[in-house]
Amino acid sequence: MTASPLLSDTALIFGRYARATLRSKFQILFGVLMPLLYLVFFGPLLTGMPLSPHGSSWQVLVPGLLLQLALFGASFTGFSIIIENGWGVVERMRVTPVSRLALLLGRVLRDAALFVFQSVLLVIAALVMGLRAPLAGILIGFAFVALLTVSLASLSYALAMKVTTPQGFGPAINAIAMPSMLLSGLMLPMTLAPGWLNALSHVMPLRYLVDAVRAAYLGSYAGATMLYGAAVALGFAALAVTVGTRVFRTAGA
């Protein structure tokens, strides 16, 4: 398929799901509730604690909350495929000439836009509470949220095409998301953990994204931490979209 039909098909699917999201104010605002509660009730406990030799506790906590938002939000997006399957939407899409890649990209780009918007709300609240970070670092953080959303949403949709019941999908996602959160240092830097746990955390791709966003919030944009984080984020996104597209094609989504 040439680029033009792919772009038009992607825009068509994106528009369909974006309009549905805009009609649901609850979906737009509720997703940011959990990170916001962490920010309000957990953030003040860390004020003044030496979480990092550079910067404030807010520059450690907020990047983790941004990626936590993407981690849990994007991981569970596959539930919508299961619902659509029950309504016959997936069956009707199987007979359309729309690119299977566009069917995936339209969905994940809508998810990325939603979670970046929620991230903006979270950062605004954090700025009110005392966060100080360079604008470039904040924008880089949003870019990492978008890339992580594309990656995890693609895999979530692919899994939902294979595991077609909520009873099977939910536990599978929790089994992946919870260890990822605990071993990536979302809440606290893994450098504070015992040596063996810090070493184990390096097998988690999310660890490199967390470290990169925290570096960006400190104004460090060109170091090895940022390079590793960007490389892992881009590579993970490319792999996830490839896997998701293959599943969509074989399943005839």
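Which element gives the largest share of the nonpolar patch? Helix α3 does, with four residues. This is a predicted model, where local features need pLDDT of at least 70, side-chain atom pairs count only at pLDDT 80 or more, and totals for chains, interfaces and linings use all residues. Residues are numbered from 1 along each chain as its sequence is written, and side-chain values use heavy atoms, leaving out hydrogens and water.

The surface patch consists of F26, F30, L33, L37, V40, F41, I124, V128 and M129, with about 900 Å² of accessible area together. Two or more residues each come from α2 (25–30), α3 (33–46) and α7 (100–129). Nonpolar side chains are joined within 5 Å. Areas come from the Shrake-Rupley method with a 1.4 Å probe. Helices are DSSP runs (H or I, at least four residues).

The whole structure holds three aromatic pairs. Ring centres must lie within 6.5 Å; planes over 60 degrees apart count as edge-to-face. Two such pairs are tabulated.

| Edge-to-face pair | Centre distance | Plane angle |
|---|---|---|
| Y38 and F42 | 6.4 Å | 85 degrees |
| F79 and F169 | 4.8 Å | 75 degrees |

Y38 and F42 are four residues apart in α3, so about one helical turn separates them. F79 in α5 and F169 in α9 are 90 residues apart. F169 is buried (under 20% relative accessible area) at 0%. Ring pairs also link F76, F79 and F169 into a cluster.

How values were computed
Patch = residues over 30% accessible without salt bridge, like charges linked within 9 Å, V, L, I, M, F, W, Y side chains within 5 Å. Salt bridge = Lys/Arg side-chain N within 4 Å of Asp/Glu carboxyl O. Phe/Tyr/Trp six-rings, centres within 6.5 Å; stacked < 30°, edge-to-face > 60°. Buried < 20%, exposed > 50% of the residue type's maximum accessible area, 1.4 Å probe, protein only.
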